[in-house]
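Please open the model in your viewer and keep the selection tool at hand.

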Amino acid sequence: MANQQTQALTEAVFYILLSLKEPLHGYGIMQNVEMMSNGRVKLAAGTLYGAINTMLDKEWITSVNEEKNSRKKEYQITEIGLLMVNNEIKRLNELLENAQKFTGGKIK
Amino acid sequence: MRKVIKKWFWVWEFGDEEKWLNQMANDGYELVDVGFGRYTFDACEKGEYSYKLELLDHYPTSQKSQDYISFIEETGANYIGHVSRWAYFKKKSDDGDFDLFSDYESRVKHMNRMLSLLTIIFVANFLVACGNMTTYIASKAHISMFCVGLGVIMCLFIGIGMFKVLGKKMQLKSESELYE
């Protein structure tokens with residue numbers, strides 16, 4: 001695998017991370033992502049579950065206020081997660097700058 | 001008004017099974033229980049629900065699958081039941097499109113689970129056929145030869161099914177070369 005610092009995050013992962021500044025449960029993430037992207041990105045529950053578990057393993061996010069009786073788990077972004085968001089912002093800026101050079105700054 | 005229908009779908013026909021369940025819901029019958037080749041329906045409003053099937057990683061009664069199922073239910077879907085590792089979910093059609101997967105990667109993983117299940121069934125059939133062949137060589141009993149033939153037919157049938165799943169997987173893979 002290539003250097004992970006320069007690898008692109010998937011759109012789903014990026015938007016999930018952006019949703020977790022404050023603790024949020026699974027369904028909240030789905031709604032938030034759909035709202036942020038004006039309905040363009042619709043996360044399906046199974047895909048979201050897989051992404052959440054992978055990010056928990058990598059410690060990009062953490063599971064918070066986990067009470068025994070509360071079935072709804074909430075998640076929040078970690079320091080590592082924030083770093084991943086920052087790396088992605090740099091990468092996206094680079095893409096955007098080059099694209100703007102290509103079009104001369106005009107978007108059709 | 002309860003209605004029980006006996007019908008069988010093979011692993012690679014899960015898409016047809018979903019379509020059929022959606023069609024039943026469109027005709028006013030919601031699935032309330034599933035068993036091996038047995039579907040129980042109750043009356044519902046026409047088109048009230050949409051259905052999705054998933055071959056889970058673990059047996060549906062295991063803790064890992066229970067965690068997964070409750071996560072899915074929190075997002076507004078309902079778990080109906082399971083047949084072996086296949087879980088059946090429904091969601092109110094008014095709540096928008098229902099899907100369990102929204103990217104190529106998770107769809108491909110689902111296909112891979114089907115392929116490993118089919119591989120196990122294929123190998124088991126093959127080994128039984130080999131065992132019957134040995135019996136035939138030793139005893140020359142016609143019944144053993146008949147069992148060998150049956151085993152070979154089953155292997156071919158499952159093999160074709162595996163190619164169908166593989167075909168769908170390859171199609172997804174090629175799309176994922178360009179899109180996320």
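In this predicted model, begin by selecting helices α3(B) and α4(B), where α3(B) passes α4(B) in a left-handed crossing. In chain B, α3 covers residues 104-139 and α4 covers residues 142-176. Their axes come within 8 Å and cross at roughly 165 degrees. Because angles over 145 degrees count as roughly antiparallel, α3(B) is roughly antiparallel to α4(B). Colour the residues of this contact by class: 24 are nonpolar, nine are polar and five are charged.

Next, display both chains and turn to the contact between chain A and chain B. Chain A contributes 17 residues to this contact, and chain B contributes 16. On the side of chain A that touches chain B, select α1 (11-19), α2 (26-36) and α3 (45-57) of chain A, the elements that each give two or more residues. Which of them gives the most? It is α3(A), with five residues. By class, this side of chain A has seven nonpolar, six polar and four charged residues.

Now select the members of the largest nonpolar core that touch the most other members: Ile16(A), Leu17(A), Ala45(A), Leu48(A), Ala51(A), Ile72(B) and Phe89(B). The core has 41 residues. Centre the view on Leu48(A), which touches Gly26(A), Ile29(A), Met30(A) and Leu43(A), leaving aside residues up to four places away in sequence.

Finally, select Val11(B), Trp12(B), Met111(B) and Ile158(B), which are among the seven residues of another core, apart from the largest one.

Methods
Residues numbered from 1 in each chain as written. Chains lettered and ligands numbered in written order. Predicted model: local features only at pLDDT ≥ 70, side-chain atom pairs only at ≥ 80, totals over all residues. Axes fitted to C-alpha atoms, helices over the stretch in contact; angles between N-to-C directions. Helix = DSSP H or I, 4+ residues; strand = E, 2+ residues; numbered from the N terminus. Parallel < 35°, antiparallel > 145°, perpendicular 65-115°, else oblique. Left-handed = near helix turned anticlockwise from the far one by under 90°. Nonpolar A, V, L, I, M, F, W, Y, C, P; charged D, E, K, R; others polar. Contact = placed C-beta atoms within 7 Å. Core = buried A, V, L, I, M, F, W, Y, C linked by C-beta atoms within 7 Å. Buried ≥ 20, exposed ≤ 12 C-beta atoms within 10 Å, placed from the backbone.
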